[in-house]
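The sequence and coordinates come first.

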Amino acid sequence: MEKAKAISNKAVKITDGFWKEKIELIKNEVIPYQWSALNDEIDGAAKSCCLRNFRLAAEAIKKRKQGISTPVYAVDKWEYTPDNSEPESFMGWVFQDSDLYKWLEAVGYILQNENNAELEALADGAIELICNAQETDGYLNTLYTINNPALRFTNLRDHHELYCFGHLAEAAVSYYEATGKQALLNCACRYADLICREFGEEGKAGYDGHEIAEMALIKLFKATGSDDYLKQAKLFIDRRGTKPYYFDIEQGKNRGNELYYEYNQAHLPVREQDSAVGHAVRAVYLYSGMADVAAETDEEKLLSACKRLFDSITNKRMYITGGIGSTRHGEAFTTDYHLPNDTAYAESCAAIGLTFFAHRMLKSDFNAKYADVMERCLYNGILSGMAEDGKAFFYTNPLELRPDEVKTDPDKSHIKTERQKWFGCACCPPNIARLISGIGGYCLSENESTLFINLYCSLEAETEFGKISIESDYLNSGRVKISVNAKKPFRLALRIPEWSKGFTFSRENPFIKNGYACFDIEGKDTLTAEFNPEIRIMRANSRVREDIGRVAITRGPLVYCLEEADNGSGLHLLRLSPHPKFEFDGGSIYANAYREEDGGSALYFEYKKPNERLQRVRFIPYYKWANRGEGEMQVYIRI
């Protein structure tokens, strides 16, 4: 196991270019907008009720401490609305607390790289509210605190208490590392201590229905040094999939349905799992926790399972955009090579989770393929989930869309033709915010001898080996300049992107291993790398039936798509010319295509070669689609 550790976001400052613009967007637009959404202040947007719930929970705790009894409400639904719940009860989805935690995590990452007194004060007020909503024994979940504390931890499968804890812990570590303030970290640790008592070796043999507690406990372990958190993370992983199933014990019945257990990745003990199954977000969150535990415990068997599962996703169950989850039923994986474009679920959170998984695999299995997948997700399947102004979002990310079908076909009801201001189930928007604001922590990693460059952002960083700066023109020309002021000799490993057919370095004859070009560095040094972001025509494996006879256009890490706004309606009638004569204008790609002419009014008729006319078409980066109003879109074009 060749291990490395990520260099933290706090030690990396993104200085220029594409990702600097995205971080500024998060800071200046997304974070304020999402704070308004959490306070139900966005006109025409779905209500969050998130901060409302924390205020009600804090008030309920205050009353109970004064000996005043509080009402008891039902705890039997996924979503609580004014139509099915009492006016003063919890409102929203069972995991609504997590939206505020993800928002705070994003704020923490911003504050790690700059002083912002106004933003910090806003976050401190939110943290005070969270702490006031915590029970005296450390329990923290507004659904049960408001509606019925007596029933807490009685439905781990569905009610997301451990999931909400996970996001609390990750926010707490981010904010503590940014500010040194311990209020939220202490809050998370008190809850974690309760979880260790309730579900430790002597407690209930439970584990989370929606995974994340595992990787969150590892973050707390690293932040505090408490072995209890590492032990509990490993215990949750060891229990999953063992029989009798805890969820059957909890629910008092045996479902006996393999798909039911697969939904929660509880069909087999994790070390025996070979294929990515079930709810896609839950799956990659679990696999991320498994990779974390494998790295901390040096367990080869667990790491081997992670490798198999990663290959299952990326070689057989992942869209070209990095999206995962091919059906709306269970928001889940289906079977190998089943990747429909127009009904894809491809939830934004799932691509984020796959990025987490890939990033963690880099720690224990030195191979560029993990960073390649991370990059694919970041530039395509994640960014597509947010509008260019940061104020509208996609939950699902199809690769093909015709608005009239989406509006009339119930099987496409999960797809939106335009990004939404907010969602009642709003897991994706703050998830995007926390990932982008913390992207510095994904760029570099290091071990005792080597500094790895995984993502080519323009940046400055403090490392164990000294200072490093990167000037990147990666998306345009493919050129990257790396300057180092080394404190001691070390090896610098530069990832060779899988999309670059050719590459050159200013120093000849590098040692190449697992997709990284390695150079020995001493003192002050400068290296340049030139990769080749040429336009490529990509096809899917022939087992992907939906893409037979069709291709996708890429350049560098970006996947491109066609939109009606540029090319007219009826995108399915277009066929890429055998001589496309590609042009790249710095943003879009232009090519020759043929448009099949209208075949008349008959529904069926004898085949004859269709009439076609030449048309110059425009491809835009996939992440930019749906920023110009409603219209058709497709990634794949006939060839």
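**Helix packing, sheet and salt bridges**

Helix 13 and helix 15 cross in the left-handed sense, meaning that the near helix is turned anticlockwise from the far one by less than a right angle. The model is predicted, so local features require pLDDT of at least 70 and side-chain atom pairs pLDDT 80 or more, while totals for chains, interfaces and linings use all residues. Residues are numbered from 1 along each chain as its sequence is written, and side-chain values use heavy atoms, without hydrogens and water.

Q: How are helix 13 and helix 15 oriented to each other?
A: Helices are DSSP runs of H or I with at least four residues, and strands are runs of E with at least two, numbered from the N terminus. The axes of helix 13 (residues 280-297) and helix 15 (residues 348-364) come within 8 Å and cross at roughly 15°; axes are lines fitted to C-alpha atoms, for helices over the stretch in contact, with angles from 0 to 180 degrees between N-to-C directions. Angles under 35 degrees count as roughly parallel. The two helices are therefore roughly parallel.

Q: How many nonpolar residues does the contact of helix 13 with helix 15 have?
A: Contact means heavy atoms within 4.5 Å, and the residues that meet include Val-284 and Ala-291 in helix 13 and Leu-354 and Phe-357 in helix 15. Ala, Val, Leu, Ile, Met, Phe, Trp, Tyr, Cys and Pro count as nonpolar, Asp, Glu, Lys and Arg as charged, and the others, Gly among them, as polar. Beside 3 polar and 3 charged residues, the nonpolar count is 13.

Q: Which residue is the bridge partner of Ala-461 in strand 9?
A: Strand 8 and strand 9 (residues 466-473) form 5 bridges in the antiparallel sense. They make a hairpin with 2 residues between them. The partner of Ala-461 is Ile-468.

Q: Which residue forms a salt bridge with Glu-214?
A: A salt bridge places a side-chain nitrogen of Lys or Arg within 4 Å of a carboxyl oxygen of Asp or Glu, and the whole structure has 51. For Glu-214, the closest N and O atoms are 3.9 Å apart, and the partner is Arg-240.

Notes:
Angles under 35 degrees count as roughly parallel, over 145 as roughly antiparallel, 65 to 115 as roughly perpendicular and the rest as oblique. Two strands pair if DSSP finds at least two bridges between them.
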